[in-house]
Amino acid sequence: MKELRYLNRFFYKYRYRLILGIIITVVARIFALFAPRLIGNSLTVVEKYLSKEITDLAIVERELLYNILLIIGAAIVAGFLTFLMRQTIINMSRFIEFDLKNVVFEQYQRLSLNFYKQNRTGDLMNRISEDVGKTRMYVGPAIMYSINTLSLFVVVISYMINVAPKLTLYTVLPLPILSIAIYQLSRAIHKRSTVVQEYLSKLSTFTQESFSGISVIKAYGIQLATQNDFEDLSNQSKDKNMDLVKIQAWFFPMMILLIGLSNLIVIYIGGNQYINGEIEIGVLAEFIIYVNMLTWPVATVGWVTSIVQQAEASQKRINEFLLVEPDIKNPKDEPDEIKGDIAFENVTFTYDDTNITALKNLSFSVKRGETLAILGKTGAGKSTILQLISRLYDVTSGRILIDDKPITTLNLYSLRDSIGAVPQDAFLFSDSIKNNIKFGKEDATDDEVIAAAKDAVVHKNIIDFAKGYDTVLGERGITLSGGQKQRVSIARALIKDPNILLLDDCLSAVDTETEEQILNNLEKVSSNKTTLIVSHRISSAKNADKIIVLEDGEIIQQGTHNQLISTEGYYKELYLKQLSEKDL
Ligand SMILES: Nc1ncnc2c1ncn2[C@@H]1O[C@H](COP(=O)(O)OP(=O)(O)OP(=O)(O)O)[C@@H](O)[C@H]1O
């Protein structure tokens, strides 16, 4: 239960709901007690009439009618209170689930990229869906059934002891056996359903990947092989499901067996007591109803124990995860004003997970308003430079200065706020084009959105769509071409009007003419911005104030376009090659 203590803060938050729920549960149980008593009374009246103790049939009829009306009334009140019980306690659990999901999601947002590389997406999804779901079972159903069982037990057993103590003892004797048996069964069911769950997620990952890669599957003609793989997987999944079903099949027969056993004991012992004149027939009837009333709550004790254990395991995972501190932390709360001077001083950076040293002793600087182009073969470390400027990672050695201050001393949010980054593979959300662009500035007006789209040379494409800027992208929407995606992503960065613009090979999918137009627009809007352009094309780099060429994480050439084309090396070779391609 140690791990579950974390949830007490939520119980406190919703304490009024919880207290009200507990009171309602107890009152509902008291009302539920009326029916067996009244049935018992009715039988006793009939018995007295039969044994001629009462001779007036009218009295019997009046008594029976009175009891029937009370039974109906008590059932309605008990039913309504049970409804309210669910409305308070189960609703509370849904509120707690909502809060907990938000806490988990907030932590996801805090954590650094390294964390995401060390954990599989499936596990991360599980934490927010399955683990929180299991925890909810504890704060909702488990609490509700526990209060229910406890109040029923206290109310019913104390009443039963009062009426017939010996019979009570025999009645409750098989109940712990029932509870333990259900607990064992629930554990076994849980074990097997975890395996079934694993197969379910394997199946959905498989199908999801097949849908995403359907064009590759068709183009390579591997439908049959994919179908066979799917069949294998779903067969294994079916076997695991059968294992689960077999054990689940025990649940109700066992309950019925144990309830039947309890009934037999009550009838046998109670019957003997009735024959000996120790109790009235009504008491016997009452006790049979009590046994049936008690067995389900007792069965839930086993079930609730298993729920609490699962919740404890889930909450343990959640607690561990909430304790993870992000590698990249905001050093202070006061905001910083970022102007945009950037300097790398002997920066070396090694990726933790792959141990690849992407940058080696790298030094360069770029002043506010300047444009720096970064060229080099793939894997040379170009994107890594941009990621370090956004502080997605911290350097392994050396330092990065922004406006002459170490990057690690700046307010992280101010830093990121002053950066407009366009990543290598543009990621767009399943939302309208307008909202995708506004992602860079949530309160942007339509005119600002259009201006940014015009600067990114994508406005004309957008208005050609039937719904223009309201066109929805993604799974159920339209698919943009690679070049269109890149340009929407550029518009998103431009609308932010950032002081630092980081463009990571984001013109690779547009034709050279459009590239030219975008670069011209960028030159206009970025006169007071620091711009870093990563590219494989000379055309993107030639107008930059400074160009650096990287190889294996080191600068092998630097200078302006004119300086570099008059020096032998990578840049000149690339220039001549791309020049001859243009002539073709
Ligand atoms: N997230 C990462 N985790 C681990 N290693 C990485 C990661 N990103 C890049 N690397 C490695 O770091 C090196 C530099 O990668 P980087 O992406 O900076 O190169 P690049 O010059 O931008 O390449 P490209 O032109 O293909 O985009 C590569 O060897 C790459 O495998």
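How many residues of the shell around the ligand are nonpolar, polar and charged? The shell divides into four nonpolar, eight polar and three charged residues. Here Ala, Val, Leu, Ile, Met, Phe, Trp, Tyr, Cys and Pro count as nonpolar, Asp, Glu, Lys and Arg as charged, and the others, Gly among them, as polar. This is a predicted model, in which local features need pLDDT of at least 70 and side-chain atom pairs count only at pLDDT 80 or more, while totals for chains, interfaces and linings use all residues. Residues are numbered from 1 along each chain as its sequence is written.

**Ligand shell**

- The ligand is surrounded by 15 residues, and the closest are Tyr351, Thr378, Lys382, Ser383 and Thr384. A residue counts as near a molecule if its C-beta atom, placed from the backbone, lies within 6 Å of it.
- Helix H12, residues 382–389, gives the most to this shell, with three residues.
- Lysine 377 lies in the loop between strand S3 (371–376) and H12. Lysine 377 is partly exposed, because 14 other C-beta atoms lie within 10 Å. The cut-offs, with C-beta atoms placed from the backbone, are 20 or more other C-beta atoms within 10 Å for buried, 12 or fewer for exposed, and partly exposed in between.
- Lysine 377 and isoleucine 490 are 113 residues apart in sequence, and their C-alpha atoms are 23 Å apart in space.

**Overall form**

- The protein chain contains 21 helices and 10 strands. These are DSSP runs numbered from the N terminus, with helices being H or I of at least four residues and strands being E of at least two.
- The radius of gyration of the protein chain is 36 Å, whereas a compact globule of 584 residues would have one near 25 Å. That radius is taken over C-alpha atoms, and the globule rule is 2.2 Å times the number of residues to the power 0.38.
- The C-alpha trace spans about 125 × 55 × 50 Å along its principal axes.
- Of the 584 residues in the protein chain, 32% are buried.
- Contacts join residues whose C-beta atoms, placed from the backbone, lie within 7 Å. Among contacts between residues at least 6 apart in sequence, 79% join residues at least 24 apart.

**Annotated transmembrane regions**

- An unreviewed UniProt entry lists "transmembrane region" for residues 20–39, 64–84, 142–161, 167–185, 250–275 and 287–308. UniProt positions are given in the numbering used here, feature names are shortened, and annotations may be inferred rather than shown by experiment.
- Residues 250–275 are 96% helix and 0% strand, with end C-alpha atoms 37 Å apart.
- Residues 287–308 are 100% helix and 0% strand, with end C-alpha atoms 31 Å apart.
- Phenylalanine 321 is in helix H11, residues 281–323. Phenylalanine 321 is partly exposed, because 19 other C-beta atoms lie within 10 Å.
- Apart from neighbours within four places in sequence, phenylalanine 321 is in contact with Gln107 and Arg127.

**Nonpolar cores**

- The largest nonpolar core has 69 residues, of which Ile374, Ala456, Ala491, Leu502, Leu532 and Ile547 touch the most other members. Helix H17 (residues 482–494) supplies the largest share of this core, five residues.
- A second, separate core of 43 residues includes Leu258, Phe287, Val291 and Ala311.
- A nonpolar core is a set of buried Ala, Val, Leu, Ile, Met, Phe, Trp, Tyr and Cys residues joined through C-beta atoms within 7 Å.
- Not counting residues up to four places away in sequence, alanine 456 touches Arg487, Ile490, Ala491, Leu494 and Ile518.

**Loop residues**

- Most residues other than glycine have a negative phi. Asparagine 355 has a positive phi, near 60 degrees, and is found in the loop between strand S1 (342–350) and strand S2 (357–366). Asparagine 355 is exposed, because 7 other C-beta atoms lie within 10 Å.
- Aspartate 404, also not a glycine, has a positive phi of about 65 degrees. Aspartate 404 is placed in the loop between strand S4 (397–402) and strand S5 (405–406), and is exposed, with 8 other C-beta atoms within 10 Å.
- Threonine 396 lies in the loop between H12 and S4, and is partly exposed, with 14 other C-beta atoms within 10 Å.
- The C-alpha atoms of threonine 396 and aspartate 352 are separated by 9.6 Å, at 44 residues apart along the chain.

How values were computed. Contact = placed C-beta atoms within 7 Å.
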